[in-house]
Amino acid sequence: MNRNSFFVLTLSPHQIECSAPWLFFKREPSKLTYWCIENKIQPPVGVCRNDEGESFFLLWGYDIVEGCKRLGREVTCYVMELSLWERAVVHLKAEGHLGREPSDFIYCIRFFLDRGRKDKIESILAPFLSRREIEFLLKWGHLPSSWDVLLQTKHLSLDCIDILKKFKADELEEIYPLFELLSWGRNKAMELLDGLLEISRRGNVSLSDVCRELKEICFRDLSPADKISRILEKIRNIRSPYLFRFERRLWDRLSQMRLNKGWTWNISPGFETDNLSLHVRLDKEYGVRELVKDLAGIKERWENFYKWYCGVLGGRKEIDED
Amino acid sequence: MKIKQVVIEEEVKDSEIVRCSLKRLSKIEDKVEITYVNSPTPSYSYSHALFFLKYRGKFFKNCPGTRFYNCCGYKIIHIGENCPLSCSYCILKAYFRHSCLTVWANIEDMFDELSRLFSLRNSLFRCGTGEFTDSLALEWLTGYSSRLVEFLADYPNVCLELKSKVVDLSWREKVKDPCQILPAWSMNSVDISLSEEEGSASLEQRLKAAKICMDDGFKVCLHFDPIIYYPGWEKGYLKTLEMIFDYLSPSGIAYLSLGSFRGMDRLFEYIKEKWPRGQYIYWGEFIKGMDGKKRLFRPLRVRQFRFIVERLRKWGLDKEMYFCMESDEVWRAVLGYTPHDLGGLSNHLKRLTFSIR
């Protein structure tokens, strides 16, 4: 057969191999597919042959082959002569629209990378993905393939790849279970990864020990959201112990002031100034009289607190001092 | 940095700076590729290229300090961008959109602008060239500072600070009045200087140069910026302080600044990426400051500042010390007063600068 030509053939659906590595997208037959097959107006599917010309491999039209199988009908096929990577290109041209999320294309990225066709990826995937998504997927393609499932199950966002790629192979193995066991939103995953990376680069504690402690939290009887909060708290404590201890003591001391529920404290960003502001909403039940009474009630505690607050931030007091 | 390529904008190819630099370069480098371009902006990112371009903006600028912290009111004479030295913590790497080492070659335009400004004899100008580049790192090639020093001789109301991490004292030959020039060197802990300031002169060389200047009648400035937090920082900074005490005398210091390591997220990412040895970014406990830059948590900063200030005070410095971009809270905690108590930091430093005369 001429490489640039194709011919049409009718085959039994059982003659068509439907598990080739370039079949990234498979759609189950719909009612419309069945209706078309029953009325003999189904479009042809694409197939190619192996070198010996004995077997036929599907290029596109999985739903039609499956539908024909179930209805006991034959399949009309375009038979094409293509190289391995061209089969993937033809498949994508026909079925690429079935990919809804960038993560749906990760197998496709790996297919081209494994076959040394990195240069073709951007132009092939351009109709389906943005340049940034392609760039991220290309980087993701260098992670062990076991990470793909985390992307597809949305346990981890593609945006995290720039931090992930900074970890060494053995470090990736250590952190993998944290994402296997919990589903992380983008920002929290970034915070975790950033913290882990900085802790590992600092080198005073082993990443393996830290991950062991974090994994333990994953198995506690807590909601997933609580597990994530505890893990991030732990990370903050290990990464910035002094700041963490200060924040903890600060909120303890503020809560000891037993304020009315409607009161909220606002603190200067990064504790850069000594200013604190208290916000109170006044209404029919809680008016000026109640406010004055409450303020008088916390006067002494407030003065002690503020002395402590300015003392610690001004480097004159230790965090645990009163 | 070894210069392997020189990129020259056509419009300035005949300027004195370019002609003189090419002549000097040809004496030491055999193979330097010279390219002429029409593009007015440095758009290449060659790591071994030096760009001679025409600057089309104002050469005299305010320091880009934010309103959230106390700025010293330094005025910049903009002679170029980026730096041939390779300090890991350098904020310039995250500050400019490009990484091209650039010299503004239209020095005549600069002198025109400055002469108009400095002719206002009632105004005093404390200015420097070491904000967007090292004042002296390319002096061996361009002689820029020497020309500037010579030009300023006609303007006694101007004091120029030459801030550097290298030792090049060639500009001294052009000085008529030493009171007009403030040679300045960046200081850091011995450890940081050794590991993070690639291409710079050693602290000892810098201090020896400062001593020569002091002996010649110049007052000098020292800048502890960025002060970096790492295990054992006390020992490292103490060693540097002891070296300062050995070489210099407090009466010869015009002023000394202290600034904590800080920067945009981009700088931290850059250090993580390009300087894997830059461990200090993992030791510091950083917060996001009021200006959006990351900086060390305040009590840790205060601890470092206090450590250095106490020793400098014992040595004999007092109101000559100031902070670069710090809050009133930090000033009060460490020095016991705020810039407001000094009548404003910019005015205070101007007084220190010009009372020399």
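**Entry 1: A:Phe271**

I started at A:Phe271, which sits in the loop of chain A between β6 (264-267) and β7 (276-279). The model I am reading is a predicted one. Is A:Phe271 buried or exposed? I found a relative accessibility of 9%, so A:Phe271 counts as buried, the cut-off being under 20%. I then looked at the backbone: the phi of A:Phe271 is positive, about 60°, although this residue is not a glycine. I made a note of that, because most residues other than glycine have a negative phi.

**Entry 2: A:Lys154**

Next I turned to A:Lys154, in the loop between α7 (148-152) and α8 (161-164) of chain A. Here too I read a positive phi, about 65°, in a residue that is not a glycine. With 47% relative accessibility, A:Lys154 counts as partly exposed.

**Entry 3: helix α2 of chain A**

I wanted to know how many of the 10 residues of α2(A) are buried. The answer is seven, so this helix is largely enclosed by the rest of the structure. I listed them as A:Tyr62, A:Asp63, A:Ile64, A:Val65, A:Glu66, A:Gly67 and A:Cys68. Their packing partners in chain A are β2 (16-17), α1 (31-38), β3, β4, β5 and α3.

**Entry 4: helix α3 of chain A**

Helix α3 covers residues 84-95 of chain A, and its 12 residues should span 16 Å at 1.5 Å a residue. I found its end C-alpha atoms 17 Å apart, which agrees. Which residues of α3(A) are buried? They are A:Trp85, A:Glu86, A:Arg87, A:Ala88, A:Val90, A:His91, A:Leu92 and A:Glu95. I kept the helix geometry in mind here: residues three or four places apart point the same way, because an α-helix has 3.6 residues a turn. The buried residues of α3(A) pack against several elements of chain A, including α2 (62-71), β5 (75-80), α4 (106-114) and α5 (118-125).

**Entry 5: chain A as a whole**

I stepped back and counted 14 helices and seven strands in chain A. The radius of gyration is 30 Å, well over the 20 Å that the globule rule gives for 322 residues, so chain A is more spread out than a compact globule. Along the principal axes, its C-alpha atoms fill a box of roughly 95 × 55 × 35 Å. Buried residues account for 46% of the 322 in chain A. I also looked up its accessible surface, about 17,600 Å², with 49% belonging to carbon and sulfur atoms. For the charges, I noted 51 positive and 50 negative ones, whose mean positions are 3 Å apart.

My last stop was chain B. Where is B:Cys324 found? I located it in the loop between β18 (321-323) and α12 (328-335) of chain B. Its relative accessibility is 22%, so B:Cys324 counts as partly exposed. Leaving aside neighbours within four places in sequence, B:Cys324 is in contact with B:Asn70, B:Asp225, B:Leu258, B:Gly259 and B:Arg262. I looked at B:Leu258 in particular: B:Leu258 and B:Cys324 are 66 residues apart along the chain, yet their C-alpha atoms are separated by 5.9 Å.

From B:Asp225 I followed the chain to B:Pro226, and the peptide bond between them is cis, with omega near 5°. B:Pro226 is part of strand β13 (residues 220-227) of chain B. I flagged this bond, because most peptide bonds are trans.

Technical notes. Residues are numbered from 1 along each chain as its sequence is written. Chains are lettered from A and ligands numbered from 1 in the order in which they are written. This is a predicted model: local features need pLDDT of at least 70, side-chain atom pairs count only at pLDDT 80 or more; totals for chains, interfaces and linings use all residues. Side-chain values use heavy atoms; hydrogens and water are left out. Helices (H or I, at least four residues) and strands (E, at least two) are DSSP runs, numbered from the N terminus. The radius of gyration is taken over C-alpha atoms; the globule rule is 2.2 Å times the number of residues to the power 0.38. Buried means under 20% relative accessible area, exposed over 50%, partly exposed in between (1.4 Å probe, protein chains only). Accessible areas come from the Shrake-Rupley method with a 1.4 Å probe; for residues, only the protein chains shown count as cover. Lys and Arg count as positive and Asp and Glu as negative; His and the chain ends are not counted. The place of a charge is taken as NZ of Lys, CZ of Arg, CG of Asp or CD of Glu. The expected span of a helix is 1.5 Å times one less than its number of residues. Contact means heavy atoms within 4.5 Å.
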